[in-house]
Every structure is written in structure tokens, then in C-alpha cells.
Amino acid sequence: MFIALAPNHLLESVLLVVFLAVMTRGLHLDGFMDSCDALFGGHTRERRLEIMRDPHVGAFAVAGVVCLLIIKCAAVAGLVQPLRLHMLILFPCLSRWAMLLVMELYPYARSEGLGTAFLGSGGRLQLFFGFVCALLASLLAAGVMGLVLLLAASLIAWAIGAWASRRLVGLTGDVYGAVNEIVETAVLALACFMPAGFLFMPQFFPGLPW
């Protein structure tokens, strides 16, 4: 499928991934890279947190981000109509929901840090509001497929958070960024393998133009 794509279609997909990175100023990618170095390269909690503070990148970060970007670009390019537009609207919503979920489920590993700016005082109410928004976005953008992807995004976020929290005794802003990047990529990749006929729920939304 990937080889048969028109060159301009592939270029469009790469430019979209680059645009996302620019719009976030590489914040989430930086968190993903730091997390790769720390979680795979450190042998103690203290050393892992120290690596996350280090502005230099190591082999795990380089290998991880190259693999991530290749898969993400290939996944965007692999989206076919009528999936493409719907998934491009939905996947950023699900990745942000995933970050909100791990913020609520797991404690922060440090007393201060960049991630603390995103830890609000809304608690369960904030989580509920975020879930409702993610649920509505999933239903309106992709129907049954959206619900499946919402569930997948939640499970992936929970699994990453649980694994990282065991190694750090909590999470950091870098891990939040890693969750965002991994969930984005996973949602796009899963959508490529789901049948287009699984996209809509016309019996529940007869008034909508799908």
C-alpha cells in the first residue's frame, strides 16, 4: 500500500507530521526522546530522573524518535478515504485525552517541573469533562471506529503510565509528552488496519451527513 502511494500524497503526510511538531514547538517529541533515554538507559530512579534533566540525547532517544516519526508518517500516508479526514481530526483529540488520563491516574514524580503547570485542581471533574469531550469527538468523527480507538488510546496511555510510574515512582512532563506521541502514532496505525465500513453509525445519527 505504501509503495503505491503517489509522491505528493506521501509528501503531504510528511509535511503534516512536521507541521504538528512545529505547532507544539517539539515539546512532545522532546519529552518522548527524554523518556526513551531515561526509561531504557537508566538503572535507578535517581539516574532516570537525572537523564530526563540532561539536555543531551542518547542512542535510545535517536532510535526511538526515528522509529516513531517513520511509523507516524507511514500511518498518515496509509489512511485512505473515507477514513483520512476523520482520523486527521480525531487523533490529536485522543492523544490529548490520553495525557489527561495519565495526569489523573499517576502522581507526579518531582516536587516541581514543567509538567506541574498542566496539573490543575479540577481532579475527577476535569477528567470527566475531558472524557465527555473525547467521547463526543470519537462518536462524531468516526462512530464505532472512534469508540474502538478511544478505548485503545485509553488502554495504551494506562499501560505506558503504569510502566513508567513503576520505574520513576510517578510521572513527569516528559512522560506526558511520550504518551501523547505514542498514542497519536498508535491511533493512526490502528486506523490503517480497520475496515472503512466500520467507520460510521448512521442508525444512531440519522440527521448527520454521513
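Author: Let us start with helix 2, which is largely enclosed by the rest of the structure because eleven of its 15 residues are buried. Buried means under 20% relative accessible area, exposed means over 50%, and partly exposed lies in between (1.4 Å probe, protein chains only). Helices here are DSSP runs (H or I, at least four residues), strands are E runs of at least two, and both are numbered from the N terminus.

Reader: What should I know about the origin of these values?

Author: This is a predicted model, in which local features need pLDDT of at least 70 and side-chain atom pairs count only at pLDDT 80 or more, while totals for chains, interfaces and linings use all residues. Residues are numbered from 1 along each chain as its sequence is written, and side-chain values use heavy atoms, with hydrogens and water left out.

Reader: Which residues of helix 2 are buried?

Author: They are H28, L29, G31, F32, M33, D34, S35, C36, D37, A38 and L39.

Reader: How does the span of helix 2 compare with what 1.5 Å a residue should give?

Author: The two agree: for the 15 residues of helix 2 (residues 27-41) the span should be 21 Å, and the end C-alpha atoms are 21 Å apart. The expected span is 1.5 Å times one less than the number of residues.

Reader: At what angle do helix 2 and helix 4 pack?

Author: The angle between helix 2 and helix 4 (residues 59-78) is about 130°, and their axes are 8 Å apart. The contact involves L29, F32, M33, C36, D37, F40 and G41 from helix 2, and A59, F60, A61, G64, V65, L68 and L69 from helix 4. Contact means heavy atoms within 4.5 Å. Axes are lines fitted to C-alpha atoms, for helices over the stretch in contact, and angles run from 0 to 180 degrees between N-to-C directions.

Reader: And how is that pair classified?

Author: Helix 2 and helix 4 are therefore oblique to each other. Angles under 35 degrees count as roughly parallel, over 145 as roughly antiparallel, 65 to 115 as roughly perpendicular, and the rest as oblique.

Reader: Turning to E181, is it buried or exposed?

Author: E181 is buried, because its relative accessibility is 5%. This residue lies in helix 7 (residues 173-192).

Reader: Which residues does E181 touch?

Author: Leaving aside residues up to four places away in sequence, E181 touches H28, L29, F32, L68 and K72.

Reader: How far is E181 from M99?

Author: Their C-alpha atoms are 9.8 Å apart in space, and the two residues are 82 apart in sequence.

Reader: Finally, how many helices and strands does the chain have?

Author: The chain has seven helices and zero strands. Buried residues make up 45% of its 210 residues.
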